[in-house]
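Try each task before reading its solution.

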Amino acid sequence: MSAGAGGGAGAARGGAGAAGGGSGGGLGRPDAFDMAAEMRQAVGALTGKSRSSRQEQASTSDLSIDEALLLHSVGWEALELVCGVSMVSIPMGVWNWGSGEITWAVQGETTAMANAAARLAEECAKVGGHGVVGVEVEVSLHSHHVEISLVGTAVRPIAGGRRSGPPFVSDLTGKDFALLDQAGWEPLGIAFGTSFVYAPRRSAGTALRQSTQNVELTNFTEALYAARESAMERMQSSAIVLGASGVVAVQVREGPVRFAGHAIGFTAWGTAVKVGPGGHRHIQPRVVLSMDDTAIAFQADSLRG
């Protein structure tokens, strides 16, 4: 039983003496005991819905000191470090030679991202957050499965009641999120798109001619372009589904698949954003002079003769 519940039960048995158990100043003051308040505190402690306990709990965050203070300056606070993970299998044999797009790999990675983002938002809601910022995205592709891990900091407005709808997920840094919030824009979620394409085989004659000279490997070039177009289109489509007007802070991972050199992969993700109800707000730039001197003007040893 929690301390709050124990205090309430003890108060019901011992009157003024139990009131003193909760606070030293309560001894000899039975008239100061409030049974209704004690019962509400006990129920809140048992159900985990006590707002005072939430306020007294220290927050856990992967934000830097600058980012945490900057979030406070624009009316947001960090709550808890949350994560979402998903691992999806890929059928055997899909990485063998073929033509066109490798649909099983595309579906697996897309499903893993959707599951991880949903679980991240669910954890954010459990701690009372309105969204997650500074999300670190880790994508691990293997021959038989794909694993996606999302880790970020749940945040909420300090005043409360500022945002409606499900929690957002954003890979923006705390600084970028604060700037976006000041400009009147809102993050909606992570837009994601991926594609894997087979690089067509070269004929024996083509391979022989290319072995003695510097020429473009057109089969890989065309495969990369095809993968890029499909992945970017899927990322934009996912942003439209979220109701966004654009995607910012896009990150790209592309190139031959590590364990299947004849396959080209292209993965892109970013934060889907839209203008808030108040419209866009122009921000006046401010000049900031850094006091950190990271460059060494000279070496002290050079002064010696």
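Predicted model: local features only at pLDDT ≥ 70, side-chain atom pairs only at ≥ 80, totals over all residues.

**Exercise 1.** Find how many aromatic pairs the whole structure holds, then classify the pair of tryptophan 76 and phenylalanine 168.

Solution. A search of the whole structure gives five aromatic pairs. Take tryptophan 76 and phenylalanine 168: their ring centres are 6.2 Å apart, and their planes meet at 75°. Planes over 60 degrees apart count as edge-to-face, so this pair is edge-to-face.

Tryptophan 76 is in strand S1 (residues 76–89), and phenylalanine 168 is in strand S4 (residues 168–169). The pair links distant parts of the chain, 92 residues apart. Phenylalanine 168 is buried, at a relative accessible area of 1%.

**Exercise 2.** Classify the pair of tryptophan 95 and phenylalanine 259, and say what parts it ties together.

Solution. The centres lie 5.2 Å apart, with 85° between the planes. This pair is edge-to-face. Tryptophan 95 sits in the loop between S1 and helix H6 (103–126). Phenylalanine 259 sits in the loop between strand S6 (246–257) and strand S7 (260–275). The pair therefore ties together parts that are 164 residues apart in sequence.

Now check accessibility. Tryptophan 95, at 8%, counts as buried. Phenylalanine 259, at 30%, counts as partly exposed.

Technical notes: Residues numbered from 1 in each chain as written. Heavy atoms only, no water. Phe/Tyr/Trp six-rings, centres within 6.5 Å; stacked < 30°, edge-to-face > 60°. Helix = DSSP H or I, 4+ residues; strand = E, 2+ residues; numbered from the N terminus. Buried < 20%, exposed > 50% of the residue type's maximum accessible area, 1.4 Å probe, protein only.
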